[in-house]
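Have the sequence and the 3D view ready.

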Amino acid sequence: MKGEWSAMRFDIVIIGGGLSGLTAGIALAEAGKDVALVSAGQSTLHFMGGSLDLLGSDERGNDLFKPLDAIAKLNEKHPYKKLEDVSRLAGVAKQILERAGLATTGYATANHWRITPIGALMPTWLTLEGMAAIDDPDKMPWRKVALVNIVNYLDFPTKFLAAGMRERGVEVDVKAVILPEFQQLRQSPTEMRSTNIAKVIEQNDLLVKFADQVNSVVGEGYDMVLLPSVLGISSNEKAMQLLRLINVPASYVDTLPPSVPGVRMQSQLRRRFMALGGSFFTGDQVIEGIYDGNNLKGVKTAKLDGTVLEADNFVLATGSFVSRGLVADYNHVYEPALGVDVDDLGLDRKTWATVDVTEAQPYMEMGVATDHKLHCKRSGNVMSNLYAAGSVLSGHNSIKLLDGAGVDMLTALQVTENILNQ
Amino acid sequence: MEKELSNHYDVIVIGGGITGAGTARDCAMRGLKVLLVERHDYSTGATGRNHGLLHSGARYAVTDHESAVECIAENMTLRKIARHCVEETEGLFITLPEDDINFQSTFVQKCTEAGIRAEVIDPQLAKIMEPAVNPDLIGAVKVPDASVDPFRLTMANVLDAQLHGAEALVYHEVIDIIIEQGRVVGVKLRNNLNGEERNVHATLTINAAGIWGMLVAQMAGVKINMFPAKGSLLIFGHRVNNMVINRCRKPANADILVPDDAVCVIGTTSDRVPIETCDDMRVTPEEVELLLAEGMKLAPSLGSTRILRAYAGVRPLIASDDDPTGRSISRGIVTLDHEKRDGLAGFITITGGKMMTYRLMAEEVTNLACEKLGIAKQCETATTPLPGSEPKVETKKYSFAQKAAEGRHGTLNASIDSGDVTSDALVCECEGVSVGEVRYAVTKLHVHNLINLRRRTRVGMGTCQGELCACRAAGVMCGDDTQKAINDLAGFMNERWKGMQPVAWGDNLAEAQLTARIYQGVLGVDRLANERRVECYEI
């Protein structure tokens, strides 16, 4: 340690800049709190695509039409069991997105279905404006679809998408457009990825040109044009503008990662947080907590040398293993930022994972231990001012239940209310 | 569409490992009419599940002089004929404080006797030459070890066999041996992709099926005493060492660390296993612990390096025929002339040996075959370069993908389409695999699925372990049968997991979670796949 430590003081410090941390940050800042957020910079939102799930499947793997009814039947370990009113919080979440410029279709009362990049239909809760959304997977809303790709763009597997829709009785024709402006990207083939294409289209103002190309390859007789979501990296305005320029109703389908809508969601939430006066420390991570009994006084970060971030309350929203919110070493699982207790389900390494990858993997349910108010624990003691939210929580498998975004947002909102109502 | 098979061959070679491929090449080069059959993909058995070490022979110098002599000779030969499969890394044999330093002089003496250049070097110098080596070492000997890509080597042998007129079939399993009047006259084949069966006839049938050769022999009614010996290995996420690092002691568990391409491999263990388990070898937690603990003694930084996956192969060890107890096991080459041994003409087994000595094994068995068929032509495999290793013609400016492809296919790189947007589009960023290379592999290198493709091109072998490239490749390879392609994708995911599951902690667990989120959560591969079959032999 070098010299004297000075302190920066906030009402709340949030650790983690993904969907959960940003949701809590925005909600707390909207309530007038002075909030700081420390983010490592990477977010799984970049993979998540254009939709948010609340609860898509029950524990037996059946798709759900009415998620709220099924939430009531979840087992007691599930983080949703710590929410006071799921339905109300789901409404708040939708409004938070709306105010951040992220208009969505869908409600918690009934799931709709999104089209995955390889043509599967999956139940979901909210879908960003402009993305294809289907009310009932057994009743496709289109008769004849033109699926339009960019020549040699490999991250939009049209064969799979077309097969998925044909399976459901839709007539599909695959088309492709080519713009000379992409030539620059092709010089270096690693550049031919969704986010780069979006930048080329947006920076060179190619909307009209792109739309003309689409219109000319599509022609007559279609009731829907589906495009790869390679537009709208900074805001949705241009993406929507392109859809309006196309002669037939048109929507986007998400591409293989990185997901342009996912990247946009993260950047718009971040902008909203900062516009509300939040302090965003990016590319940094919390490395240590300074405790006073059951109270967290402050946190040290890797980059703020000599400065402690102090606050009345803290929110841990660092995500699961993939985000390094949890770390598994050779034989135990721990929470690396603040050293809080983890529900490792009492397992040793041999039982963390099973042989069949399609089975529910036990490690997916590991996460930090919390009390009914989502307080973290240290050595079994409840921390009075440290909360956890999102994928870092134990007790659910977001891949099997399709509840990842819902857990991220709703637990963040519950933590917000728990803090505000203290 | 499969082309019509001829109804009579001089030789049918059973087994598409390195031994079978090498045998098919040698037989074809001597002018024989050859059919090579493999029940799965090339190099799915022990050939694809070892260190990828081009032994100098030093490892065997003290305990097995004959093997050591064979190894060093083949080592020098393969550097010439299989240039594009070999990386000349050199190797170290290190002595640690817990080892007996006196062993070093015996070791060097025995190496010298076997013709292996073994040079004692100062431990300080060893640390400079190989910074990853355990700094506590008290002795070091430099030997001409190198690393070799077994997949590439096998494929090059198959390609050359074909150039010399051989036919080769993957996913064709021998389900019976046809015997007429005390003589093997052919085999009954099943196409494992569509279930069709047919008989193929040949004057000679050569059993080169590795450990499974025991079962092939059984079909012919002859007994071979083989001992399946499981060897487990770990692949690390980057190349920690640039030289092969061995322990200077009698061969033991986990005492070789080999740099292979962008990764490195520690191994092996050695345990007898029942033959019935050989189709689905899984690495146990105990083996992982042993490999890691011993590996860290060679290069301590392995302890903090991500383990990409764990895999295991089965050595086809064989008991000497003159020892009914089966205790006297040889690692040497064993050619069984079943006509002499069992009174069954038309049938030969080639087994034992090592990947290192595959060419010599092929030569021995081909000599025997030629003798039986009355062919006088001499073996030329030791002097004729394999396809891809011919002298290089220097050409145009290469892109990253073209350079990478040249590394993989040698001079055959010229057959890969490039220079247009379609061919140059990149499928795998980690390994620099283009659409052109994928198409080349599909049309020329017997690629039926993503796992085949990985063996031919390294798609999905990099640090991302196929996160996105598998999906892109599936899209590129996909014909009209999209369901098959999706099942293939699900199979690929399963297969990746098989290797990751025994080492699922640290960054590997994080990566596994990311893969599950993308494939299952975002893409919904598991929803679309309608076949849960795990090709368990595919790793």
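What covers the buried residues of α13(B)? The cover includes α11 (400-409), α12 (421-424), β22 (426-428), β23 (433-434), α14 (450-457) and α15 (469-477) of chain B.

A quick word on ground rules: this is a predicted model, where local features need pLDDT of at least 70 and side-chain atom pairs count only at pLDDT 80 or more, while totals for chains, interfaces and linings use all residues. Residues are numbered from 1 along each chain as its sequence is written, and chains are lettered from A and ligands numbered from 1 in the order in which they are written.

Back to helix α13 of chain B, residues 435-444. Helices (H or I, at least four residues) and strands (E, at least two) are DSSP runs, numbered from the N terminus. The buried members of this helix are B:Val435, B:Gly436, B:Glu437, B:Val438, B:Tyr440 and B:Ala441. Buried means 20 or more other C-beta atoms within 10 Å of a residue's own; exposed means 12 or fewer, and partly exposed is in between, with C-beta atoms placed from the backbone. After α13(B) comes B:His446, with a positive phi near 55°.

Now hop over to chain A, where A:Val225 sits in strand β11 (residues 224-228). Why is A:Val225 counted as buried? Because it has 23 C-beta neighbours inside 10 Å. Setting aside neighbours within four places in sequence, A:Val225 is in contact (C-beta atoms, placed from the backbone, within 7 Å) with residues including A:Ala146, A:Val148 and A:Ile246. A:Trp142 is 83 residues away from A:Val225 in sequence, yet their C-alpha atoms are 9.8 Å apart.

| Domain of chain B | Residues |
|---|---|
| domain 1 | 8-46 + 151-225 + 321-373 |
| domain 2 | 55-62 + 73-148 + 227-313 |
| domain 3 | 400-528 |

In chain B, the centres of domain 1 and domain 2 are 30 Å apart, taken over C-alpha atoms. Between them, 12 residues of domain 1 are in contact with 12 residues of domain 2. On the domain 1 side, α6(B) gives the largest share, 3 residues.

Finally, the two chains meet: 42 residues of chain A are in contact with 41 residues of chain B. On chain A's side, α5(A) supplies the largest share, 3 residues.

Note on methods: Domains from an automatic or database assignment.
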